[in-house]
Amino acid sequence: MTTRSVILGTGAALPGRRVSNAELAGQVDTTDEWIVERTGIRFRHIAGPDETTATLATDAAKAAIAASNLSAQDIDLIVLATATPDQTFPATATKVQAALGIDDCVAFDVAAVCSGFLYAVQVADSMIRAGVHRTALVIGAETFSRILDWEDRTTCVLFGDGAGAMVLAAEEDGDRGILSTKLHADGRHNQLLYVDGGPSTTGTVGKLRMKGREVFRHAVVNLASVMGESLAAAGLSTDDVDWVVPHQANARILDATARKLGLAPEKVVVTVDQHANTSAASVPLALDTAVRDGRIQRGDLIVLEAMGGGFTWGAAVVRF
């Protein structure tokens, strides 16, 4: 008997405030044309004073649970990916657990920045396959606006806030579910994308720092490689793929990766123009968008992929 983790439902949440490039151009030395040409980004959502990673994660979780036709009490595992937790501890996942009214389930955070959701998916999938849990809530949630240097026009225009979630459940001997997941990390590239603070070093939260050109180069190579690796592990090829749901960092990275793999651009789900880079939230946000607008249908073969600071990167092949 083969147990697989099947996606029962997806959900997403965005802050109420939507910020255009034109609005940003009134605050920093940039233009709409400059941002669109280099990134494809047109809008991003910025969390307000009463919106946090936990509140956004909770709203996304509620939407995913509703779409799965389950109740919160059916959830026995919560894995939340974030680089911007509400507190140093306890885990933001436990705040979501309490907000959902779940008295007792396993709940913890995963930190792998933009790849965090893929890491969380593999953790939850492994625990389901091992028979330890039956129903998991996997969330990617961020409030990156809180760690941006708003005087650095090369980074502050790139990021936004949001959350995405999915409900995974064990299914025996079916043909759907997570078919393969491949993850990687290479800590030698720490100084290319990082935050210049932390409890153990500066005692401060710090601000995001990035060398964009070098990150771009690594991203295209690493993402194309890990997507091919995950498809091979599932015994599939790019010809079998219905949809790629990538990390939404930069439209040029999405285009270059698709070309490198020989994928048709229309098979790539793109939301970076509306959400900007929401780090661990970007893959589940894009997935929920494509599920709810009808592009992704039951039975479709999808590939989720992401790369982030660390560097960390990964991909998952899923029969939806």
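**Exercise 1. In this predicted model, determine the order in which the 4 strands of the open sheet are arranged, and state which are the edge strands.**

Solution. 
Step 1. The 4 strands of the open sheet follow the order E8-E13-E12-E11, and their pairing is mixed.
Step 2. An edge strand pairs on one side only; this holds for strand E8 (177-185) and strand E11 (243-246).
Step 3. Neighbouring strands of the sheet are turned against each other by 15 degrees on average, direction ignored.

**Exercise 2. State how many cavities of 30 Å³ or more the structure holds, and describe the lining of the largest cavity.**

Solution. 
Step 1. The structure holds 1 cavity of 30 Å³ or more, and the volume of the largest cavity is about 40 Å³.
Step 2. The lining of the largest cavity consists of Met227, Val244, Pro246, Leu254, Thr257, Ala258, Leu263, Val268 and Glu305.
Step 3. Both E11 and helix H8 (251-261) supply at least two residues of this lining; the largest share, 3 residues, comes from H8.
Step 4. By residue type, the lining of the largest cavity divides into 7 nonpolar, 1 polar and 1 charged.

Technical notes
Residues are numbered from 1 along each chain as its sequence is written. This is a predicted model: local features need pLDDT of at least 70, side-chain atom pairs count only at pLDDT 80 or more; totals for chains, interfaces and linings use all residues. Side-chain values use heavy atoms; hydrogens and water are left out. Two strands pair if DSSP finds at least two bridges between them. Axes are lines fitted to C-alpha atoms, for helices over the stretch in contact, and angles run from 0 to 180 degrees between N-to-C directions. On a 1 Å grid over the protein atoms alone, a cavity is a set of points where a 1.4 Å probe fits but cannot get out, and a pocket is an open set with protein on both sides within 12 Å along at least five of seven lines; lining residues have an atom within 4 Å of a point. Grid points are joined across faces, edges and corners, and a volume is the space filled by probe spheres set on the points. Ala, Val, Leu, Ile, Met, Phe, Trp, Tyr, Cys and Pro count as nonpolar, Asp, Glu, Lys and Arg as charged, and the others, Gly among them, as polar.
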